[in-house]
Structure formats: C-alpha cells, structure tokens
Amino acid sequence: MNRRTPTTDVALIAGFAALIAVCAILPDIKTGIGVPYSLQTFGVLLAGAVLGPLRGFLCVVLYLVAGLVLPIYSGGASGISHYSGVTAGYLVAFPLAAALCGYLVYRNRQNATQFTLVFTCGLLSSFVFVHTLGPLNLAWRADLSLKEAFSFDAAYFPGDIAKNVVMALIATAVHRAFPDLAARRPAATPTDEPAPQTA
C-alpha cells in the first residue's frame, strides 16, 4: 500500500530542511589535517537521495529561504549578504545538487537500497554542481584565478567523499525501512474526480 500523500510530502520537506539547518550549525569537524568540514552538504545530498528530485530541491530551497532571516547557515550565519559573498556559489549549488542526486537515485528507484548506487549519485551530484559553481564564484568574488579557486576547493574533496559514504549508508537504510518514500504518488482514479454539477 502506497502511503505517500501531499501532507506527508510537505512534512518530509519541512523535516529535512530542519535537518539541513542542524547539520549546518553544528561545529565544523576538525581532522587536524587540511581544512575543517561542515555537515551542510551531507544534509543536502541526504535530502536528495531520500526525498527524490522535487522534494529534495524544495526542501533545500526552503532551508536557504529560511536562512535569510534565521541563523541556520554554516556557522550560525544568516542573511542575504551571503549571496554576494565568496560562498554564494556553494549556496546556489545546493538545491541543484540535491535535485540531481534525487533524480539519479529515483531513476534507479528499484536499486535505491544499494550503497554503491547512492554513493555514486551523491558524489557525482556534488562534483557537477557544488565543486564547480562554488569555486567559479570564489574566483569571481575573491579575485582568484580559476586554478587557485579550484585548488582551494580541492582541499574539501576528502571530506566530501567521507560525507557521501555516511550519506549513502543512511539513505539506503532509510529506503530499506521506508520503501514508500521512493514510490510514485498514486494516480488519480475516476472516483477521485468531483461529481458533475446538476441544474
């Protein structure tokens, strides 16, 4: 039985937007080598892998809009000024990465419980959008060469791979526990249509 309804979709979008906010405001993980890592992209890609392209995209957009007034961006920041700063490219990339990750996972929904598939979808989505739009904007805003910007961004690759490993482990576990999440919404039946008006 498919339990997917518009109400559950809205609840999931709001819930995962809150999860991304929690991931973003948690203290960065300091490994002692290289740069510290936030869990923001982990939450973004998990939302896409679990909710699919549309719900994943919408929940990240909801998170970004809420961050205009609430201190829920990375490090507890907020405000529209972040869209004219050096990290704007990463923020713009987040909903696109979630949508692509969700599209790729849901396109292969019968295999959504396979770790390798979900990990590959998450990592590919991250490299297509996060690690391209992020350094491109960084080069523009910080007056760096493209080589310098992409070299700076490359320091985050090891952390991104680790976050996608954890993301795939959790997403596949969620899909095994709740297979209805990846089910298509039931099509309307003739009995769902309104009764014709009579004179």
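Predicted model: local features only at pLDDT ≥ 70, side-chain atom pairs only at ≥ 80, totals over all residues.
Which residues of helix 1 are buried? The legends below take up this question.

View 1. Residues are numbered from 1 along each chain as its sequence is written, and side-chain values use heavy atoms, leaving out hydrogens and water. The protein chain has seven helices and zero strands (DSSP runs: H or I, at least four residues, for helices; E, at least two, for strands; numbered from the N terminus).

**View 2. Helix 1 has a buried face.** Helix 1 covers residues 6-25. Its buried residues are Asp9, Ile13, Phe16, Ala17, Ile20, Ala21, Cys23 and Ala24 (buried means under 20% relative accessible area, with a 1.4 Å probe and protein chains only). Seen down the helix axis, they fall within an arc of 165°, so they line one face of helix 1 (the arc is that of the directions from the axis to the C-beta atoms). Their cover includes helix 2 (40-51) and helix 3 (53-66).

View 3. Leaving aside residues up to four places away in sequence, Cys59 touches Ile13, Phe16, Ala17, Ile20, Ala47 and Leu51 (contact means heavy atoms within 4.5 Å).

**View 4. The largest nonpolar core has 44 residues.** Cys59, Val60, Tyr63, Val105 and Met167 have the most contacts inside this core (a set of buried Ala, Val, Leu, Ile, Met, Phe, Trp, Tyr and Cys residues joined through side-chain atoms within 4.5 Å). Helix 4 gives the largest share, ten residues.

How values were computed:
Expected span 1.5 Å × (residues − 1). Buried < 20%, exposed > 50% of the residue type's maximum accessible area, 1.4 Å probe, protein only.
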